[in-house]
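Thanks for coming, everyone. I'll keep this short. Have a look at the screen, please.

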Amino acid sequence: MAHTLAPLPYDYAALEPYIDAETMKLHHDKHHAAYVNNLNGALADYPELQSKSIESLIADLNAIPEAIRTVVRNNGGGHANHTMFWETMASNAGGTPTGDLAAAITDSFGDVDTFKQRFVEAGVKQFGSGWVWLVVNPEHKLQIVSTPNQDSPITVGSQPILGNDVWEHAYYLKYQNRRPEYLNAWWNVVNWQEVSRRFAAIR
Ligand code: MN
């Protein structure tokens, strides 16, 4: 079964003014769509891989035939990363995490503001294209990590529960070179309810 591009769970303009509608349209309809199409193209000659979930494909890249491993890494990662990205944002969102997730963030980082600051710093420092993540690592601890390109934390055994895309295609139309401004504004669209749901599902 081919991988499919799910529609955005909200309108292109839903995340205005923090993420503009044109960026959302290009990002979802062109960039994410291309990852899905390229992934399906790579899997076309490998029917035994076609029934695997996107998560299981990228969790064990060594099990992917070498001929398509890089394409699956880049485009499978791109598909998984963007699917989570859309779902962990919402309009009228932002605010602060609550419940078990808030307690775990406080336990790991001191307080929520310190967590946000360190997350932004990691996103600013990621050289070139990539992602900054909040993951549950293999030791079951919350951790901030960054990855280059479309590499997923899933590939190294961590479970991402929140991630921000720091490729220029995610912010350049509105923020140009001002990545820190984008990273800080992005907290206004984080869907903490969905992040909490993902956190609870792991533990
Ligand atoms: Mn992207």
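Which residue lies over the face of Y175? That is K174, at 5.8 Å from the ring centre. Keep in mind that this is a predicted model.

Now the metal. The manganese ion has four named protein residues as donors: H27, H82, D165 and H169. The histidines each use NE2, and D165 uses OD. They lie 1.9 to 2.1 Å from the ion. Along the chain, the spacing reads H-x54-H-x82-D-x3-H. Take two of these donors. H82 sits in helix α3, residues 66-87, while D165 sits in strand β3, residues 159-165, so this pair ties together parts that are 83 residues apart in sequence. Buried or exposed? H82 counts as buried, because its relative accessibility is 0%, and buried means under 20%. D165 is also at 0%, so D165 counts as buried too.

On to the aromatics. How many aromatic pairs does the structure hold? The count is 13. One of them is F115 with W187, an edge-to-face pair. Their centres are 5.7 Å apart, with 65 degrees between the planes. Where do the two residues lie? F115 is in helix α5, residues 112-125, and W187 is in the loop between α7 (179-185) and α8 (192-202), so the pair ties together parts 72 residues apart in sequence. Both F115 and W187 are buried.

Ring pairs link F115 and W187 with F109, F119, W186 and W192 into a cluster.

To recap: a manganese ion with donors H27, H82, D165 and H169, and a cluster of linked rings that includes F115 and W187. Questions, please.

Conventions: Residues numbered from 1 in each chain as written. Predicted model: local features only at pLDDT ≥ 70, side-chain atom pairs only at ≥ 80, totals over all residues. Heavy atoms only, no water. Donors = N, O, S within 2.8 Å, 3.2 Å for Na, K, Ca; no water. Helix = DSSP H or I, 4+ residues; strand = E, 2+ residues; numbered from the N terminus. Buried < 20%, exposed > 50% of the residue type's maximum accessible area, 1.4 Å probe, protein only. Phe/Tyr/Trp six-rings, centres within 6.5 Å; stacked < 30°, edge-to-face > 60°. Lys NZ or Arg CZ within 6 Å of the ring centre and 35° of its normal.
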